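Here is a short report on a two-chain model. Read it with the coordinates open.

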Amino acid sequence: MELVKPGFGLVFWTALTFIFLLLLLRKLAWKPILGAVSDREQSIKDALASAEEAKKEMQNLQADNENLLKEARAERESMIKDAREVKVKMIDEAKTEAQAEAAKIMEQAKAAIESERNAAVADLKKQVADLSVEIAEKVVKGELADKGKQAALVDKLLSETTLN
Amino acid sequence: MRISTFKAVFLGLLLALPIAGFAIDKDDAKSDKKFDPNEMIMHHVKDAHEFHFFDYKDKSYSLPLPIILWTDNGLTTFMSNKFHHDDEGKVVVEANGGKFVKLHEKIYQLESGATSVSFDAKHHPTNATLPLDISVTRNVFMMWVSVLVLLLIFSSAARVYKKSENNVPTGIASFVEPLIVFVRDEIARPMIGEHKYKKYMPYLLTIFFFIWINNIFGLIPILNGANLSGNIAFTFTLALFTFIITTVSGNKNYWKHIFWMPGVPVPMKIFLMPIELIGIFTKPISLMIRLFANITAGHIIILALMSLIFIFETIAVAPISVAFSLFITVIEIVVTAIQAYIFTILSALYFGMATEEEHH
């Protein structure tokens with residue numbers, strides 16, 4: 001029966017030792033260890049959450065990039081289209097302008113040619129007249145070298161001339 | 001450096017193991033007196049005033065422990081080796097004006113005038129009384145050793161966290177952390193609840209490791225089966241702590257469930273009240289008996305199997321005895337952890353019941 005009778009001495013020492021152990025371990029071990037463990041758990045949780053956040057942000061960024069790219073592409077397309085239109089228009093304008101200019105130049109050229117021709121013709125007429133007079137003079141001089149011939153010419157001329 | 005001291009201590013303990021073996025009392029082994037397994041087993045299971053290691057060439061190698069008594073003359077202390085290993089009440093030690101004898105590991109004080117102890121027919125002493133004995137016995141000594149080991153293990157584990165920058169457990173900390181997290185996540189949290197478990201963590205952790213390590217120490221043969229956790233005084237004290245904490249932290253809801261059980265008719269309430277009232281006490285008592293009985297039973301089985309060799313007085317039984325006691329020892333190693341776990345989880349359960357909030 002002695003086995004199941006708690007002895008006072010051991011109860012006393014157990015109580016004392018246990019309280020001592022509890023206080024000491026609480027200060028030396030449980031607080032730092034549990035604190036470290038829960039700190040680490042918290043930091044893991046935080047890290048996971050921030051990783052999730054980063055992933056989301058990454059996705060957003062990617063979507064943004066995609067949008068940006070799309071916009072850029074659209075802009076490029078529209079710019080190319082505009083450029084094409086502008087090109088066509090410019091060419092057209094240039095063509096019409098060139099045509100107008102050409103027409104104008106032709107007109108001027110024609111006018112210049114006309115006036116040149118007129119001048120040339122006038123000059124020619126004058127020279128022909130002069131030449132004719134000279135020739136006539138020479139011919140007349142020759143013809144009229146003797147008196148007979150002079151009289152014959154006058155006659156001829158007179159005959160040719162019809163008095164009206 | 002801390003960890004290496006820790007390793008050295010454990011290496012020392014491991015090296016000491018092969019020297020071990022349940023020392024059979026020299027009286028039993030040598031004299032022609034018939035071997036009494038009951039006496040041998042009880043001697044090993046119960047507490048003792050000296051730390052007996054082994055006998056060699058008629059000499060007993062043991063560690064004397066201080067005997068501390070509270071007598072009529074006040075505090076009386078002397079070392080246990082003054083009895084010269086006598087346990088029959090033959091050697092009388094005089095100290096502080098009193099005469100003392102040791103009989104079956106109990107210190108008796110002789111009545112004044114008596115010079116030797118006399119016995120009645122049932123071998124009880126007639127002229128001696130039992131003074132209040134608060135000696136540092138084998139169990140108390142081993143308890144202090146276990147306290148030192150626990151402090152060494154856990155303070156060096158805590159140091160690891162202090163040193164590391166990101167609370168990464170290494171070395172001893174990586175060994176104890178899963179155990180601590182186990183107590184927190186498998187015992188405290190589910191039993192007490194997320195909001196209140198933190199307050200009870202130091203107690204639960206301390207009681208878990210204190211019981212476990214003393215269960216283990218009880219199995220190490222060189223320590224001569226210092227059967228601390230199989231001693232009812234030890235389990236009584238720990239159960240008492242659980243009882244006190246449960247009672248102190250009991251809230252309104254807890255007491256209402258004991259004295260006026262809600263949700264049942266009035267006659268039932270009256271009927272349940274004494275049952276619940278008894279339940280307050282049976283819970284810690286069951287804790288006390290469970291741990292005591294499990295550990296003591298394990299020791300008794302191992303010792304009884306070993307005793308077979310001496311009962312049959314033939315070495316031929318030895319292989320069977322050794323094989324079976326090895327088997328039981330392996331089971332006991334598992335039991336050391338299981339019993340510590342059960343004591344802790346039930347304590348946590350009682351705290352949880354005491355602090356549970358009313359739910360509608």
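Two strands pair if DSSP finds at least two bridges between them. Helices (H or I, at least four residues) and strands (E, at least two) are DSSP runs, numbered from the N terminus. This is a predicted model, in which local features need pLDDT of at least 70, side-chain atom pairs count only at pLDDT 80 or more, and totals for chains, interfaces and linings use all residues. Residues are numbered from 1 along each chain as its sequence is written, while chains are lettered from A and ligands numbered from 1 in the order in which they are written.

Chain B holds an open sheet of 3 strands, ordered 4-3-9 with antiparallel pairing. Strand 4 (74-79) and strand 9 are its edges, each pairing on one side only. Strand 3 (residues 66-71) is joined to strand 9 by 2 bridges. B:Trp70 stands opposite B:Leu132 of strand 9.

| Domain of chain B | Residues |
|---|---|
| domain 1 | 66-135 |
| domain 2 | 139-355 |

Their C-alpha centres lie 34 Å apart.

**Interface.** Two residues are in contact if their C-beta atoms, placed from the backbone, lie within 7 Å. The contact takes 39 residues from chain B and 29 residues from chain A. Helix 4 of chain B gives the largest share of the chain B side, 13 residues. By class, that side has 26 nonpolar, 8 polar and 5 charged residues. Here Ala, Val, Leu, Ile, Met, Phe, Trp, Tyr, Cys and Pro count as nonpolar, Asp, Glu, Lys and Arg as charged, and the others, Gly among them, as polar.

A residue is buried if 20 or more other C-beta atoms lie within 10 Å of its own, exposed if 12 or fewer, and partly exposed in between. Why is B:Ile172 buried? It has 21 other C-beta atoms within 10 Å. B:Ile172 sits in helix 5 of chain B. In helix 2 (residues 147-160) of chain A, the count of buried residues among its 14 residues is 0.

A nonpolar core is a set of buried Ala, Val, Leu, Ile, Met, Phe, Trp, Tyr and Cys residues joined through C-beta atoms within 7 Å. The largest has 75 residues; among those touching the most other members are A:Ile33 and B:Leu204. Helix 6 of chain B gives the most to this core, 14 residues. Leaving aside neighbours within four places in sequence, B:Leu204 is in contact with residues including B:Val183, B:Ile187 and B:Thr344.

Definitions and conventions
Domain bounds come from an automatic or database domain assignment. The expected span of a helix is 1.5 Å times one less than its number of residues.
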